[in-house]
Amino acid sequence: LDGYDTCKLMKADPALTGLPVILISATAEPRSVVDRAKQVGAVAVLSKPVPVDKLQQVLAQTLKPSRP
């Protein structure tokens, strides 16, 4: 399984579907990687190596409580 397959399986499981998934790719975020990640339900894609400040920013944004 790759990250796309894992994300797709998680989104299909009612117990896991609400968990945000951030994929980390060795590819430099070409449009096809981002598009495929969104298709399987990922909320973000980061390219390796991931700078700590970028990871913190994406985590903060992803985990921020949503307003009704």
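A salt bridge here is a side-chain nitrogen of Lys or Arg within 4 Å of a carboxyl oxygen of Asp or Glu. The model is predicted: local features need pLDDT of at least 70, side-chain atom pairs count only at pLDDT 80 or more, and totals for chains, interfaces and linings use all residues. Residues are numbered from 1 along each chain as its sequence is written, and side-chain values use heavy atoms, with hydrogens and water left out.

**View 1. The salt bridge of Asp35 and Arg31.** Searching the whole structure gives one salt bridge. Its closest N and O atoms, from Asp35 and Arg31, are 3.2 Å apart. The two residues sit four apart in helix H2, about one helical turn. Helices (H or I, at least four residues) and strands (E, at least two) are DSSP runs, numbered from the N terminus. Arg31 is exposed at 55% relative accessibility; Asp35 is partly exposed at 35%. Buried means under 20% relative accessible area, exposed over 50%, and partly exposed in between (1.4 Å probe, protein chains only).

**View 2. The two sides of helix H2 (residues 31-39).** Val33, Val34 and Ala37 are the buried residues of H2. Seen down the helix axis, they fall within an arc of 95 degrees, so they line one face. That arc is taken over the directions from the helix axis to the C-beta atoms. The face turned away from this buried side carries exposed Arg31, Ser32 and Gln39.

**View 3. Strands E1 and E2 in parallel.** Four bridges link E1 and E2. Strands pair if DSSP finds at least two bridges between them. In E1 (residues 22-25), Leu23 and Ser25 point to one face and are buried. Ser25 has Ser47 of E2 as its bridge partner. Ser47 counts as buried, at 17% relative accessibility. A polar atom of the Ser47 side chain lies 2.9 Å from the backbone oxygen of Thr27.

**View 4. The cis peptide bond between Lys48 and Pro49.** Omega is about -15 degrees. Most peptide bonds are trans. Pro49 is in the loop between strand E2 (44-47) and H3.

**View 5. A nonpolar surface patch of Leu55, Leu59 and Leu63.** The patch covers about 250 Å². Patches take residues with over 30% relative accessible area and no salt bridge, joining like charges within 9 Å and nonpolar side chains (Val, Leu, Ile, Met, Phe, Trp, Tyr) within 5 Å. Accessible areas come from the Shrake-Rupley method with a 1.4 Å probe; for residues, only the protein chains shown count as cover. Leu55 belongs to helix H3 (residues 52-63). Leu55 is partly exposed, with 31% relative accessible area.

Conventions. Polar contact = N/O pair within 3.5 Å; in protein donor to acceptor, adjacent residues only side chain to side chain.
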